[in-house]
Amino acid sequence: MQSQEFVHALNPDDEYSPQVMEQVRLYLGILRPPAAGEGAAAMGEPGFEFVRELLEAGAPRIMATNLSRFAFEARREVSMLIVSLILFRDGDAQPGIEYLEADPSVLSAMVLGYESDDSNVALICGAMLRELLQQPSIAETMLHSPALLSLFDCLLSPSFDVSSDAFDTFKGLLTNTGNKPIVAEFFEESYDVFFGACHKVFGSDHFFSRLQLMKLLGELL
């Protein structure tokens, strides 16, 4: 299956075909060979043109948006492919991060995953976000995208598992060591927006998130 065929196959009316998952595993085998170790993004080599083709076609966003359409046991592999595409390096070039900076809607799609009726989808989306947000450039994009305010809404989820996972993502965004200079600058530039969203949480009846947010702000300020 060629890259264009794969992207076309990502727009089904129902669950994905077995051929789609075969292609996901094929791409993963190339991008994350066993010797590279878990979480390692492959360095550019001849034959990696499919990465740029998938990025240009918006494959990470499409897969994140439709994660629930994959079989339960396949979703973790799909999430690994999404992260691998975004963190892919070709020498000094990082086409996946360039793609994300130009179109941060993939971050919004992941945050929207917290609203899924399937908690498995919600938690996998949270895990993807936390892995990506360890990259300062991605964290900066997140801070200046609509996805940040959407993440505040997820802190108020009636599901404890979802709200606590969303808070872990939120905390990691603000406290990861590499993100601290970016976060400090963000507070200076967007104080009113950020703390306006905080006041929404403090004014809610969501005791867990109110308490955790108060503790976090006490650490940061």
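E140 lies in helix 9 (residues 136-143); helices here are DSSP runs of H or I of at least four residues, numbered from the N terminus. The structure is a predicted model, in which local features need pLDDT of at least 70 and side-chain atom pairs count only at pLDDT 80 or more, while totals for chains, interfaces and linings use all residues. Residues are numbered from 1 along each chain as its sequence is written, and side-chain values use heavy atoms, with hydrogens and water left out.

With a relative accessible area of 36%, E140 is partly exposed. Buried means under 20% relative accessible area, exposed means over 50%, and partly exposed is in between (1.4 Å probe, protein chains only). From E140 to Q4 the C-alpha distance is 31 Å, at a sequence separation of 136 residues.

## Helix pairs

Two packed helices are described by the angle between their axes and the distance between the axes. The axes are lines fitted to C-alpha atoms over the stretch in contact, and angles run from 0 to 180 degrees between N-to-C directions.

| Helix pair | Angle | Axis distance |
|---|---|---|
| Helix 7 (residues 105-112) and helix 10 (residues 146-154) | about 5 degrees | 9 Å |
| Helix 6 (residues 95-102) and helix 9 | about 10 degrees | 10 Å |
| Helix 11 (residues 160-175) and helix 14 (residues 207-220) | about 10 degrees | 11 Å |

Helix 7 and helix 10 pack at about 5 degrees, which makes helix 7 roughly parallel to helix 10. The classes of angle are roughly parallel (under 35 degrees), roughly antiparallel (over 145), roughly perpendicular (65 to 115) and oblique (the rest). From helix 7, L107, S108 and V111 meet A147, S150, L151 and C154 of helix 10; contact means heavy atoms within 4.5 Å. Five residues of this contact are nonpolar, two are polar and none is charged. Here Ala, Val, Leu, Ile, Met, Phe, Trp, Tyr, Cys and Pro count as nonpolar, Asp, Glu, Lys and Arg as charged, and the others, Gly among them, as polar.

For helix 6 and helix 9 the angle is about 10 degrees, and the two are therefore roughly parallel to each other. Helix 6 contributes I97, L100 and E101 to the contact, and helix 9 contributes S137, I138 and T141. By class, the contact of helix 6 with helix 9 has three nonpolar, two polar and one charged.

Helix 11 and helix 14 also have an angle of about 10 degrees and are therefore roughly parallel to each other. The residues of helix 11 that take part are F160, S163, S164, F167, F170, K171, L174 and T175, and they meet F208, S209, Q212, L213, L216, E219 and L220 in helix 14. The contact of helix 11 with helix 14 divides into eight nonpolar, five polar and two charged residues.

Beyond its neighbours within four places in sequence, F170 is in contact with L148, L151, F152, L155, F194, L213 and L216.

## Helix 3

In helix 3 (residues 49-56), the residues F50, V51, L54 and L55 are buried. Seen down the axis of helix 3, the buried residues fall within an arc of 135 degrees, so they line one face of the helix; the arc is that of the directions from the helix axis to the C-beta atoms. These buried residues pack against helix 1 (3-9), helix 2 (18-31), helix 4 (59-65), helix 5 (75-87) and helix 6.

R52 lies in helix 3 too and is partly exposed at 28% relative accessibility. Not counting residues up to four places away in sequence, R52 touches D90, A93 and P95. Just after helix 3, G58 has a positive phi of about 75 degrees.

## Other residues

S84 lies in helix 5 and is buried, at a relative accessible area of 3%. Leaving aside neighbours within four places in sequence, S84 is in contact with L28, L31 and R32.

D118 is placed in the loop between helix 7 and helix 8 (119-132), where D118 is partly exposed at 26%. D118 and S68, 50 residues apart in sequence, are 7.6 Å apart in space, C-alpha to C-alpha.

N179, in the loop between helix 11 and helix 12 (180-189), is buried with a relative accessible area of 1%. With neighbours within four places in sequence left aside, the contacts of N179 are L133, Q134, Q135, P136, A139, G172 and L173.
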